[in-house]
Amino acid sequence: LAAGEDPAEDEYTLKQSVLFNMCCEKLQSHLGYTFIRHIANTAAIRRHAQLQMDMVRLGIGLYGIDPAGLETANLKEVSTLKTTVAQVKQISAGETVGYNRKGKLTRESLIATIRIGYADGYPRALGNGKGKVWINGELYPVIGNVCMDMTMVDITGSRDIKPGSDVIVFGGPLPVSIVAKWADTIPYEIMTGISQRVKRLYYHE
């Protein structure tokens, strides 16, 4: 389904299902036996229950993400992207942070450099205050441009943030769907964009 998550495209979604059923009926009439049919993706499982047929294709829902954005989906995200603080530095008002001097400080600020950049899959679109990260129970904005290997965060007024402190880029208290909205994209792009140089840890129950 091309737009199963979009209420504005429900008419088209239902048209797709009608065409699909017509094709299935033609196949079945020539084959002489029945077969398993499925058309519903993650969004349609919730939004178009009548299209579940014999089975469904749970895609991004396996990762706990509902592309339709329904609060009733009752899903739990299974992926978390973490990094750590590399450096904490006090910087005076009037100074700048990052490439092209995009991060201009209007006050004395405490800036943390974290170990992640666009080469790891953290989008440059999240620079200059668009993106935020979670450190010690609080959200802190990105300041300046996202660099290839590092990103700077304004942690002014924070407590107990030091080199080695854990940083949640997405997951847990910071859903990837929110990070995707900040970057003006979708969770699929954020998740599939994490580069191979980022270490993966798999947990099994």
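Asp154 and Arg107 form a salt bridge (a side-chain nitrogen of Lys or Arg within 4 Å of a carboxyl oxygen of Asp or Glu), with their closest N and O atoms 3.5 Å apart. The model is predicted, so local features need pLDDT of at least 70 and side-chain atom pairs count only at pLDDT 80 or more, while totals for chains, interfaces and linings use all residues. Residues are numbered from 1 along each chain as its sequence is written, and side-chain values use heavy atoms, leaving out hydrogens and water.

**Salt bridges**

- Asp154 lies in strand S7 and Arg107 in the loop between strand S3 (103–104) and S4, so the pair ties together parts 47 residues apart in sequence; strands (E, at least two residues) and helices (H or I, at least four) are DSSP runs numbered from the N terminus.
- Asp154 is buried at 13% relative accessible area, whereas Arg107 is partly exposed at 44%; buried means under 20%, exposed over 50% and partly exposed in between (1.4 Å probe, protein chains only).
- A salt bridge of 2.6 Å, N to O, joins the side chains of Asp120 and Arg197.
- Asp120 sits in the loop between S4 and S5, and Arg197 in the segment after H4, 77 residues apart.
- Shared partners link Asp120, Asp149 and Arg197 into one network of salt bridges.
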